[in-house]
Each structure stands twice: as C-alpha cells, then as structure tokens.
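Here is a short briefing on side-chain packing. It covers aromatic rings, a helix pair and a charged residue.

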Amino acid sequence: MKFGRITIDPNVCTGKPCIRGMRFPVSRLLGLLASGETKDTILRAYPYLETEDIEEVLRYAAYLAEE
C-alpha cells in the first residue's frame with residue numbers, strides 16, 4: 001500500500017514517519033485522535049494539516065496493525 005502523505009526521512013524527526021515531510025510525526029496525530037480530539041479541532045489547531053492527512057494517518061495505522 002502506498003502512502004503519499006506520509007514520509008520517512010532520516011533527517012526529519014530522526015526518521016519517524018511524518019506528515020508530508022513536515023516535522024509533525026504520525027504518532028503525534030494519532031495521539032491527538034486517541035485522546036479524543038476531533039478532526040475539526042485538530043485542523044483548527046494545526047492549520048497546515050489537511051483533512052486528507054488525518055484520513056491517511058488512520059489508514060496507515062490500520063495498515064501497520066495488520067502487519
């Protein structure tokens with residue numbers, strides 16, 4: 001499965017999966033969702049994120065859970 005919005009670069013966040021090359025780790029977004037934050041509140045708090053980022057992070061997490 002290909003994830004175009006999730007990047008892994010050893011020079012960004014020590015190689016942790018991030019959103020679109022930004023210093024915003026996938027784990028941080030998953031943590032926000034797991035703590036009860038809604039997509040809307042996340043998008044308001046982090047205006048550089050997009051709805052598609054959140055949707056892809058959830059698909060990525062599901063993919064990893066299947067591995």
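**Aromatic pairs**

The count of aromatic pairs comes to 5. In one of them, the ring centres of Phe-3 and Tyr-60 lie 5.2 Å apart and the planes stand at 85°, so this pair is edge-to-face. The model is predicted.

- Phe-3 sits in the segment before β1 (6-7), while Tyr-60 belongs to helix α3; the pair links distant parts of the chain, 57 residues apart.
- Both Phe-3 and Tyr-60 are buried.
- Phe-3, Tyr-60 and Tyr-63 form a cluster linked by ring pairs.

**Helix α1 against helix α3**

- Helix α1 covers residues 26-34 and helix α3 covers residues 51-66.
- The two helices pack at an angle of about 95°, and their axes are 10 Å apart.
- Angles of 65 to 115 degrees count as roughly perpendicular, so α1 is roughly perpendicular to α3.
- From α1, the contact takes in Val-26, Leu-29, Leu-30 and Leu-33.
- From α3, Asp-53, Ile-54, Val-57, Leu-58, Tyr-60 and Ala-61 meet them.
- The residues of this contact divide into 9 nonpolar, no polar and 1 charged.

**Asp-53**

- Asp-53 lies in helix α3 and is among the residues that meet α1.
- Is Asp-53 buried or exposed? Its relative accessible area is 1%. Buried means under 20%, so Asp-53 is buried.
- The side chains of Asp-53 and Arg-20 are joined by a polar contact of 2.8 Å.
- Leaving out residues up to four places away in sequence, Asp-53 touches Arg-5, Ile-19, Arg-20, Leu-29 and Tyr-48.

How values were computed:
Residues numbered from 1 in each chain as written. Predicted model: local features only at pLDDT ≥ 70, side-chain atom pairs only at ≥ 80, totals over all residues. Heavy atoms only, no water. Axes fitted to C-alpha atoms, helices over the stretch in contact; angles between N-to-C directions. Helix = DSSP H or I, 4+ residues; strand = E, 2+ residues; numbered from the N terminus. Parallel < 35°, antiparallel > 145°, perpendicular 65-115°, else oblique. Contact = heavy atoms within 4.5 Å. Nonpolar A, V, L, I, M, F, W, Y, C, P; charged D, E, K, R; others polar. Buried < 20%, exposed > 50% of the residue type's maximum accessible area, 1.4 Å probe, protein only. Polar contact = N/O pair within 3.5 Å; in protein donor to acceptor, adjacent residues only side chain to side chain. Phe/Tyr/Trp six-rings, centres within 6.5 Å; stacked < 30°, edge-to-face > 60°.
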